[in-house]
Amino acid sequence: MEPVYLDNNATTRCAPEVVQAMLPYFSEQFGNASSMHAFGAEVGSALATARKQLQALLGAEYDHEIVYTSGGTEADNTAILSALETQTGRDEVITSAVEHPAVLALVGHLEKTGRAKVHVIGVDAKGRLDVEAYRKALGPRTAIVSIMWANNETGTIFPVEQLAEMAHQAGALFHTDAVQAVGKIAMNLAESEIDMLSLSGHKLHAPKGIGALYVRKGTRLRPMVRGGHQERGRRAGTENIPGIVGLGKAAELALAHLEDERTRVAAMRDRLEQGLLEAIPNSFPTGDVDNRLPNTANVAFEYIEGEAILLLMNREGIAASSGSACTSGSLEPSHVLRAMNVPYTAAHGAIRFSFSRENTDADVDRALEAMPPIIARLREMSPFWKEREKLASGEASAFNPTYA
Ligand SMILES: *Cc1c(COP(=O)(O)O)cnc(C)c1O
């Protein structure tokens, strides 16, 4: 049986068109963009094309607002470290409790080493940012705010345009980790006040190891990687030309498929989620279901372990994820669901199903067929489930007041 891949927020398959676009840049067009001969010139124009393709997807207005990086992590790190250097007299960073480790691990380190004071803004039960706490944290010492556009685990979308305006009123820079949002929802950066934005190739059908930091025209950037003059001195090191060409092509494809994402992909996601919730008792969606990415569903199955669910799903050839891939292997439930105060009995059994345009209705059928017996089987073995039947005596929501 064909495997069913529902883990596209972890990584996506390279689109065949992307691979095709990249291939010449491994062989015939192997030049270095910095060279003064024809080999270099060809590559230089490929870089310019990719930049245009990315600009179109982001709705970015000016040339030279894109700095290529090795991925989302490097872009996130660059943005925050740069702001702490360029924003003189400001040494505070504001972020959210549900960021990717690419932000949280960095700001944790900055705090620990005394290089920044960090405000971590919490979220409510649906994963929505506490905007009042954010407003209070902003001040004359805020160097930068880094808040994601959409959460990788729940798909919850943050009001980044509004948050950027608030940051500017306090004189702070605003960066958004948009790794999950780029290519899934429409963007118009030219009309926003967002100063910096991170994206990653492998989350949008381009290869791993390539990404970009959008830096609004006029925003100062201190390079994190120093060396040669590539990327106008903003990121040293010979450019990953095949990766950049692939990222550009992927951006062009994503823009062409945005409508498909909003309609067909969202419909597949909704059918799976609805089907699961109807077929499986003591299950509920996590995150802000009314304001989320079109491709993501995160469903909590109470009283069982996500790892066990994934193992049995894997035997049926279905790939999804529990918590974030970066924390699996530890037995703590994901930091995102904990920040949302999802009860432990449910957070442990939360599964993220993330679609892409490559999924089909047959994938949804397979998952809908496989999941109910898997959950039933694990619950039969779960001491918590047995306990729950005694305690709740039919009251499905008794353990779960937040989601009653
Ligand atoms: C995947 C991801 C990253 C990291 O991107 P890499 O290209 O893998 O370094 C950062 N932020 C979010 C929200 C992500 O989902």
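**Terms and their grounds**

Reply: Let us begin with glutamine 180, which is in contact with Asn9, Ala150, Asn152, Lys203 and Leu293, its neighbours within four places in sequence being left aside. The model is a predicted one.

Me: Where does glutamine 180 lie, and why is glutamine 180 called buried?

Reply: Glutamine 180 lies in the loop between strand 6 (173–177) and strand 7 (196–200). Its relative accessible area is 4%, and buried means under 20%; therefore glutamine 180 counts as buried.

Me: What makes the approach of asparagine 9 to the side chain of glutamine 180 a polar contact?

Reply: The backbone oxygen of asparagine 9 lies 2.9 Å from a polar atom of that side chain. The limit for a polar contact is 3.5 Å, and the distance of 2.9 Å is within it.

Me: Why is histidine 37 called partly exposed?

Reply: Histidine 37 has a relative accessible area of 43%. The C-alpha atoms of histidine 37 and methionine 313 are separated by 54 Å, the two residues being 276 apart along the chain.

Me: What makes the pair of glutamate 231 and arginine 51 a salt bridge?

Reply: The closest N and O atoms of glutamate 231 and arginine 51 are 3.4 Å apart. A salt bridge requires such atoms within 4 Å, so the pair qualifies. The pair links distant parts of the chain, 180 residues apart: glutamate 231 is in the loop between strand 8 (211–215) and helix 7, and arginine 51 is in helix 2.

Me: Are the two partners, glutamate 231 and arginine 51, buried or exposed?

Reply: Glutamate 231 has a relative accessible area of 7%, and arginine 51 has one of 16%. Both values are under 20%, so both residues are buried.

Me: How do you know that aspartate 63 and lysine 52 form a salt bridge?

Reply: Their closest N and O atoms are 2.8 Å apart, which is within the 4 Å limit. Aspartate 63 is in the loop between helix 2 and strand 2 (66–69), whereas lysine 52 is in helix 2, eleven residues apart. Aspartate 63, at 41% relative accessibility, counts as partly exposed. Lysine 52 is also partly exposed, with a relative accessible area of 47%.

Me: Why is arginine 269 called buried, and aspartate 270 partly exposed?

Reply: Arginine 269 has a relative accessible area of 6%, which is under 20%, so arginine 269 is buried. Aspartate 270 stands at 33%; this is between 20% and 50%, so aspartate 270 is partly exposed. The two form a salt bridge, with their closest N and O atoms 2.7 Å apart. A search of the whole structure finds 15 salt bridges.

Me: Which domains does the protein have, and how many salt bridges are counted between them?

Reply: The domain assignment gives domain 1 (4–10 + 258–393) and domain 2 (16–256). Their C-alpha centres lie 29 Å apart. The contact takes 29 residues from domain 1 and 33 residues from domain 2. Between the domains there are zero salt bridges, but 13 residue pairs are in polar contact. The largest share of the side of domain 1 that touches domain 2 comes from helix 9, with four residues.

Me: What area is buried between domain 1 and domain 2?

Reply: The buried area is about 2,600 Å², of which carbon and sulfur atoms give 55%. In domain 1, Leu258, Leu293 and Arg357 lose the most area to domain 2, together 27% of what that side buries.

Me: What makes a set of residues a nonpolar core, and how many residues has the largest one?

Reply: A nonpolar core consists of buried residues of listed kinds, Leu, Tyr, Trp and Phe among them, joined through side-chain atoms within 4.5 Å. The largest has 69 residues, and those with the most contacts inside it are Leu58, Tyr134, Trp149, Phe174 and Leu197. Helix 7 (residues 241–279) gives this core its largest share, eight residues. The core draws at least three residues from each of domain 1 and domain 2. Apart from it lies another core, of 26 residues, including Val265, Met313, Phe355 and Leu378.

Technical notes
Residues numbered from 1 in each chain as written. Predicted model: local features only at pLDDT ≥ 70, side-chain atom pairs only at ≥ 80, totals over all residues. Heavy atoms only, no water. Buried < 20%, exposed > 50% of the residue type's maximum accessible area, 1.4 Å probe, protein only. Helix = DSSP H or I, 4+ residues; strand = E, 2+ residues; numbered from the N terminus. Domains from an automatic or database assignment. Contact = heavy atoms within 4.5 Å. Buried area = accessible area lost by both parts, 1.4 Å probe. Salt bridge = Lys/Arg side-chain N within 4 Å of Asp/Glu carboxyl O. Polar contact = N/O pair within 3.5 Å; in protein donor to acceptor, adjacent residues only side chain to side chain.
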